[in-house]
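Hello,

Here is the structure I promised to pass on.

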Amino acid sequence: MADFGFSLHPSSSIDLDNADKRLYKIVSELEPDIKKCIACGSCTASCSASNLTKVSFRQAILKLDRGLSEEAVMLLKGCMLCGKCTMTCPRGINTRNIINLILRYSDNKKIK
Amino acid sequence: MSGKSVLIIGGGAAGLESAAQLISLGYKPVIVEKEESLGGNIKNWDRLFPDGIEAKAVLDGLLKRSSFSDIYLNSNVIEVKNSNSNFTVTLSNNNVVKADSILITTGFDVFKAERKEEYGYGIYDHVITNVDLEKFFLSKHDERINSPKKIGFVHCVGSRDEKICNRNCSKVCCVTAVKQAIELKEMFPDSQAYCFYMDLRMFNRGFEDIYLEAQSQHGVRFIRGRVSEVSEDIDKKVVVKCEDTLSSKPMKIKLDLLVLMSGMLNNSSSTQLSPVLGVKLAEDGFYKCEETIPGGNKTNVNGVFIAGTATGPKTLPETINDARSAAIEIHNYLNSTING
């Protein structure tokens with residue numbers, strides 16, 4: 001077949017039917033609080049790291065739910081575990097536990 | 001005239017409307033009000049959403065239609081003797097009232113905004129509440145409001161917040177913020193208003209219309225993010241921080257005036273009153289309804305009924321409808337006790 005110099009760009013849409021939710025599943029079993037988020041953004045707004053880095057707890061758990069686990073992990077790498085998000089969350093989510101679980105289990109070879 | 005009497009605890013919108021309906025059904029209601037005048041929370045309000053009707057006109061109508069009632073002001077219920085659903089009620093000023101039925105219409109408490117310390121109410125010079133703003137509309141005077149150019153509204157203050165133990169949505173704040181933003185914009189045409197929201201709940205007829213009006217005619221900007229903290233700069237401007245969740249970026253803005261939309265909590269009197277009546281409270285502190293469908297006016301005590309925001313946040317029209325429904329429940333109950 002002749003090579004015309006075109007290639008297929010991977011789709012940027014989220015395919016929920018085939019989303020890889022393994023990491024979300026592990027974290028949500030160990031800390032069901034992750035299901036309670038209403039995406040109000042209080043965590044990111046109060047975050048000590050979010051002004052200078054890409055840290056965003058709200059976005060991270062959304063990405064995780066959509067199967068974008070690697071992006072989720074990247075959004076938590078700069079977290080200093082200061083705990084302000086736990087204090088401000090209107091749903092009382094144990095953010096620290098979720099962050100720790102995501103970072104711990106993302107290294108798990110079975111998930112990657 | 002049936003001669004049967006109904007004791008109504010609380011002389012706000014629900015109490016007054018049910019009294020008016022009970023009067024037209026031939027009963028003699030007795031209203032017990034803890035304040036020195038009737039009216040409850042409507043007294044503090046200037047205009048009502050969505051049409052801008054004057055609260056005073058609504059209250060005057062309620063007072064007129066319920067004026068045949070016996071009224072005890074500055075009074076609380078101290079003791080209730082229940083003998084086979086014949087009630088003997090002792091009030092705080094030693095008055096004793098006999099009643100064939102009791103209706104609880106104790107309403108709600110406005111959330112005390114100073115409890116959310118991070119929003120700076122009572123700490124910073126230009127942070128007020130929705131109630132303060134209505135008082136300003138009535139009195140035209142508040143030293144915290146000085147021709148503001150940039151005005152913010154914080155939705156869900158004391159609502160949908162586990163940290164202050166209130167999980168409920170207060171229902172009325174979204175549309176009230178939109179109404180108040182339009183009113184302030186009309187008073188201060190050079191100003192720009194911002195609403196900080198988590199979800200906009202424009203659930204009733206006409207609500208979407210004023211939301212649209214706020215956007216298209218008054219340029220009100222809606223920012224989807226819950227305010228995380230408020231501070232004050234050296235020029236006494238209010239500095240608001242939130243995440244602009246739709247652009248996924250932390251956001252900061254300096255304002256001349258910040259309005260906190262304080263929500264509805266259960267009336268604090270309910271912790272004292274519920275054991276006196278033997279009526280159960282739900283986990284959220286509001287009174288428990290025996291059945292939510294078809295109607296929420298029955299309590300666990302035979303002969304004791306309930307209406308209005310004592311069973312959870314409601315708009316004024318919902319409260320008035322609920323009060324009418326309670327009057328009919330009581331009418332049916334008193335008729336069945338005559339026949340049975």
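Leaving aside neighbours within four places in sequence, which residues is Thr95(A) in contact with? They are Phe57(A), Cys85(A) and Thr86(A), where contact means heavy atoms within 4.5 Å.

Before the rest, some ground rules: this is a predicted model, in which local features need pLDDT of at least 70 and side-chain atom pairs count only at pLDDT 80 or more, while totals for chains, interfaces and linings use all residues. Residues are numbered from 1 along each chain as its sequence is written, chains are lettered from A and ligands numbered from 1 in the order in which they are written, and side-chain values use heavy atoms, with hydrogens and water left out.

**Chain A: a helix pair**

Thr95(A) sits in helix H6 of chain A (helices, H or I of at least four residues, and strands, E of at least two, are DSSP runs numbered from the N terminus). With 1% relative accessibility, Thr95(A) counts as buried (buried is under 20% relative accessible area, exposed over 50%, partly exposed in between, with a 1.4 Å probe and protein chains only).

H6(A), residues 95–106, packs against H3(A), residues 57–65, at an angle of about 55° with the axes 12 Å apart. Axes here are lines fitted to C-alpha atoms over the stretch in contact, and angles run from 0 to 180 degrees between N-to-C directions. The contact is made by Phe57(A), Ile61(A) and Leu64(A) from H3(A), and by Thr95(A), Ile98(A), Ile99(A) and Ile102(A) from H6(A).

**Chain B: two cores**

A nonpolar core is a set of buried Ala, Val, Leu, Ile, Met, Phe, Trp, Tyr and Cys residues joined through side-chain atoms within 4.5 Å. The largest one has 33 residues, and those touching the most other members are Leu133(B), Phe153(B), Leu184(B), Phe222(B) and Val259(B). Among the elements giving it two or more residues are helix H3 (130–139) and strand E12 (150–157) of chain B, but H4(B) gives the most, with eight. A second, separate core of 24 residues includes Ile42(B), Leu62(B), Leu103(B) and Phe305(B).

**Chain B: a loop tyrosine**

Tyr124(B) lies in the loop between strands E10 (108–110) and E11 (127–129) of chain B, and at 22% relative accessibility it counts as partly exposed. Leaving aside neighbours within four places in sequence, Tyr124(B) is in contact with Tyr119(B), Val230(B), Ser231(B) and Glu232(B). Its C-alpha atom is separated by 9.9 Å from that of Leu258(B), 134 residues apart along the chain.

Best wishes
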